[in-house]
Amino acid sequence: MKLTSCKMAAASTANFFTTSTAPCNSKPYMVSKSKSFGLRFNSPNYLRSFSGLKAATSVNCESESSFLGKESTAALRDSFAPKAVKQNRDTVTRFQPRASFKVPILGAAGGIGQPLALLIKMSPLVSTLHLYDIANVRGVTADLSHCNTPSQVLDFTGTAEIPNSLKGVDVVVILAGVPRKPGMTRDDLFNINANIVKDLVEAVADTCPDAFIHIISNPVNSTVPIAAEVLKQKGVYDPKKLFGVTTPDVVRANTFVAQKKNLKLIDVDVPVVGGHAGITILPLLSKIKPSVSLTDEEVEELTVRIQNARTEVVDAKAGAGSATLSMAYAAARFMESSLRALDGDSDVYECSYVQSELTELPFFASRVKLGKNGVEAVIPSDLQGLTEYEAKALEALKPELKASIEKGVAFANKQPVAA
């Protein structure tokens, strides 16, 4: 599965040859190590889609181009025994790719965790998937392990297993907690989830302080500042590696705009800034790519729908749950972007809630460039040349976002951090 930065490729014309075409009686022979090889896709954009659902025994290598990034390509050359078969006088070089990144999902047995685990299991960049939860994760792991994709799946149950689930990992996903239910206030949600996030981030600080941290547990506007304070108290805070996952807002904005204006979804890119709750979610509809014309009524309608999209799902499920599938999809997209950046891709951009100097607020969601060390740059251009509607909405969201940030900081500073 290939999840592209800032817009999701739903399909691709790239031909990714992953099935073995050698006759059963063909005799493979070793290719000289000096022979160069890579991955070839019949598309100028290389691989924009990866289903991950079909088992493959090999990868067809006919050029130097690779969707895996520089480090993985080098590893493929150095570590895998290539084979070649003669067929119709053509020589085809083959190797078995191995992914290299370890990812734990903390809260894997829940409504978001299970579909997210499935989507990450499909990534060609993941070698090991650790599933942690306080209960019921063993069955999820057994079920997921039957999927014939390369990554290994391991289960970890109970708080005593948290450190083991975090050993040697590259990107940590924190989504443990409870979803917002009908009638539940943000304060209710905060009181339940704040301690959960604090305890998990403490474990991350102790076990894998260099890993990227993806915070999905709501309210993100407060849980990210909580995580930052805990990491500071532990002496391991790196603001470049702490992310509030606001990708669901981008995914929804792209979808709703494409539907409204009858556009190809794959082409639509809507930057979403601010925070990740209510009016703090600000889609910049004047910055849509490709450029489209929207009436004032359409702008207001789309903005309100994007801001209230989670409530739309909660109400539709009539108390049976919150947004889970779309959240998992968006979280998987952000995960794939992080892994691509870690793998050496130099062209990865996503919107995320991070420590920022774009405004007077210490945390702010905006488009960022991702690299091997985390946030390489916070992109300021989206906040330039705003419409009057957007400028007013930006100022209106700041007091609420500021209060949420301060609430998270205050909570973290009142709670003693475990030694």
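Is asparagine 262 buried or exposed? Select asparagine 262: the residue is exposed, with a relative accessible area of 70%. (Buried means under 20% relative accessible area, exposed over 50%, and partly exposed in between, using a 1.4 Å probe and protein chains only.) You'll find asparagine 262 in the loop between helix H7 (247-261) and strand S11 (272-274). Its phi is positive, about 55 degrees, although it is not a glycine.

A quick word before moving on. This is a predicted model, where local features need pLDDT of at least 70 and side-chain atom pairs count only at pLDDT 80 or more, while totals for chains, interfaces and linings use all residues. Residues are numbered from 1 along each chain as its sequence is written, and side-chain values use heavy atoms, leaving out hydrogens and water.

Now hop over to asparagine 136, in the loop between S6 and H3. Here too phi is positive in a residue other than glycine, near 65 degrees. Asparagine 136 counts as exposed, at 65% relative accessibility.

Zoom out and colour by secondary structure. The protein has eleven helices and 15 strands; these are DSSP runs numbered from the N terminus, with helices (H or I) of at least four residues and strands (E) of at least two. Of the 419 residues, 52% are buried.

Next, select 113-121, which is helix H2: seven of its nine residues are buried. Among them are Leu116, Leu119 and Ile120. The buried residues of H2 pack against several elements, including strand S5 (101-106), strand S7 (152-157) and helix H10 (325-342).

Time for the inside. A nonpolar core is a set of buried Ala, Val, Leu, Ile, Met, Phe, Trp, Tyr and Cys residues joined through side-chain atoms within 4.5 Å. The largest one has 46 residues, and Val172 and Ile174 touch the most other members. Elements giving two or more residues to this core include S8, helix H5 (186-207) and helix H11 (388-414). H5 supplies the largest share, eight residues.

Centre on isoleucine 174 and show its contacts (heavy atoms within 4.5 Å). Leaving aside residues up to four places away in sequence, isoleucine 174 touches Leu106, Leu200 and Ile213, among others. For a second, separate core of 41 residues, pick out Leu129, Phe243, Met327 and Leu370, which are included in it.

Last stop: two cis peptide bonds. One joins asparagine 218 and proline 219, with omega about 0 degrees; proline 219 lies in the loop between S9 and H6. Another runs from lysine 289 to proline 290, with omega near 0 degrees.
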